[in-house]
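Please keep the sequence and the 3D view at hand while reading.

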Amino acid sequence: CSSDLAYGAGCAANVLGTARGISFSSYRDPTPDKSLAAFAEAADWLSVSANLTDERIEQAKLTLFATIDAPQSPDSFGYERLLNKLTPQVAKQVRENILSVTREDIQSVSNYFNF
């Protein structure tokens with residue numbers, strides 16, 4: 001294992017569409033400047049149509065649904081339901097929105113996180 005790599009990195013988005021709801025992170029990162037550069041390159045990568053194949057888009061949707069549909073503990077359910085106001089109707093709308101995402105939608109959103 002290289003000593004110049006972060007222990008982990010991630011990207012998260014608020015499914016309720018809160019402004020500035022996309023965030024990037026790294027954990028125990030010895031080279032945060034390299035991570036920031038990689039995060040900045042994400043928007044450029046997403047802007048290239050060839051990178052957004054139908055297969056990649058479908059895989060991304062399946063990954064999202066695996067997280068959304070995972071079993072929840074009672075406290076997590078309460079947090080989502082009460083604090084985030086994620087009612088069954090809102091949850092259904094979120095699912096429909098994810099299913100309808102297109103290549104063009106992804107490229108449009110990528111413009112919002114150009115650094």
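On the surface, Ile22, Val109 and Tyr112 form a nonpolar patch whose accessible area together is about 310 Å². Such patches are made of residues with over 30% relative accessible area and no salt bridge, like charges being joined within 9 Å and nonpolar side chains (Val, Leu, Ile, Met, Phe, Trp, Tyr) within 5 Å; a salt bridge is a side-chain nitrogen of Lys or Arg within 4 Å of a carboxyl oxygen of Asp or Glu. Accessible areas come from the Shrake-Rupley method with a 1.4 Å probe, and for residues only the protein chains shown count as cover.

The model is predicted, so local features need pLDDT of at least 70 and side-chain atom pairs count only at pLDDT 80 or more, while totals for chains, interfaces and linings use all residues. Residues are numbered from 1 along each chain as its sequence is written, and side-chain values use heavy atoms, with hydrogens and water left out.

The protein chain has five helices and two strands, in the order β-β-α-α-α-α-α from the N terminus on; helices (H or I, at least four residues) and strands (E, at least two) are DSSP runs, numbered from the N terminus. S1 and S2 run antiparallel and are joined by six bridges, where pairing requires that DSSP finds at least two bridges between two strands. Within this pairing, alanine 9 stands opposite serine 26 in S2. Strand S1 (residues 8-13) lies largely in the open, because the number buried among its six residues is zero.

The structure holds one aromatic pair. Phenylalanine 24 and phenylalanine 39 are stacked, at 5.0 Å centre to centre and with 25 degrees between the planes; rings of Phe, Tyr and Trp (its six-membered ring) pair if their centres lie within 6.5 Å, and planes under 30 degrees apart count as stacked, over 60 as edge-to-face and the rest as tilted. The pair links distant parts of the chain, 15 residues apart, with phenylalanine 24 in strand S2 (residues 22-27) and phenylalanine 39 in helix H1.

The table lists relative accessible areas; buried means under 20%, exposed over 50% and partly exposed in between (1.4 Å probe, protein chains only).

| Residue | Relative accessible area | Class |
|---|---|---|
| Phenylalanine 24 | 23% | partly exposed |
| Phenylalanine 39 | 13% | buried |
| Valine 109 | 36% | partly exposed |
| Asparagine 51 | 17% | buried |

Asparagine 51 sits in the loop between helix H1 (32-46) and helix H2 (54-68). Leaving aside neighbours within four places in sequence, asparagine 51 is in contact (heavy atoms within 4.5 Å) with Trp45 and Arg56.
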